[in-house]
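We will go one stop at a time.

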Amino acid sequence: EFTKYLLRQYKGTGKTFVFQNWEGDWVLTPPPLDMEKTPEPVAVEGMIKWLNARQDGVDRARREVGMDGVRVFHAAEVNLVEKAQLGHPSVTNDVLPHTHCDLYSYSAYDTMGQSEEKYRAALQYLQEKAPDSEAFGAKNVYIGEFGWPESLVSEEQRLNMIRYSVEGALDIGAPYILFWELYCDGPKSEASPP
């Protein structure tokens, strides 16, 4: 119903809407990160059904209303691709291959701060695990979140990370890249008591 509303309300505006969950690996294996933690099979199966049901709803609305000058898509977001690369249970390994989403989003904090090579390898791995979609084909992986708080790294480190994060995403044909964030929401220094 919400997809139908958006398709009707914003018809002809050129707007694009993307529904997605936030960092799906935290749903399967809540923090703190523990590589030995294994998600319950019922949770994995539930996430597969949930993501496919959401996609089916978006697909149905698009068939019934059409996309006339407005687009609505559905994405599944992962956040522990490095854990998946090491062979551990994860959304990337155990959920995504059984879904049919328009898009697959990567909240890239687990690798983008380590090295350009690890980040690029994670993007490639995710792209291999994400099923192609009708709307985007094989170019349906994007960066749902990347960035570093200004108080944690130097300006040179931050600019280098931004460069290789964007270049890596463009190299795999990512349709979207979302930077978090343009301002720093953390303290620059410890607050002193009044």
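Start by selecting R158: this is a predicted model, and in it R158 counts as buried because its relative accessible area is 17%, under the 20% cut-off. You will find R158 in helix α8, which covers residues 155–171. Now show what surrounds it. Leaving out residues up to four places away in sequence, R158 touches W148, P149, E150 and V153.

Next, select residues 41–65, helix α3. How far apart are its end C-alpha atoms? They are 36 Å apart, and this agrees with the 36 Å that 25 residues should span at 1.5 Å a residue.

An α-helix has 3.6 residues a turn, so residues three or four places apart point the same way.

For the last stop, show α1 together with α3. Their axes come within 8 Å and cross at roughly 40°, which means that α1 is oblique to α3. The crossing of α1 past α3 is right-handed. To see the contact itself, display the side chains of T3, K4, L7 and R8 in α1, which meet V58, A61, R62, E64 and V65 in α3. By class, this contact of α1 with α3 has four nonpolar, one polar and four charged residues.

Methods. Residues numbered from 1 in each chain as written. Predicted model: local features only at pLDDT ≥ 70, side-chain atom pairs only at ≥ 80, totals over all residues. Heavy atoms only, no water. Helix = DSSP H or I, 4+ residues; strand = E, 2+ residues; numbered from the N terminus. Expected span 1.5 Å × (residues − 1). Axes fitted to C-alpha atoms, helices over the stretch in contact; angles between N-to-C directions. Parallel < 35°, antiparallel > 145°, perpendicular 65-115°, else oblique. Left-handed = near helix turned anticlockwise from the far one by under 90°. Contact = heavy atoms within 4.5 Å. Nonpolar A, V, L, I, M, F, W, Y, C, P; charged D, E, K, R; others polar. Buried < 20%, exposed > 50% of the residue type's maximum accessible area, 1.4 Å probe, protein only.
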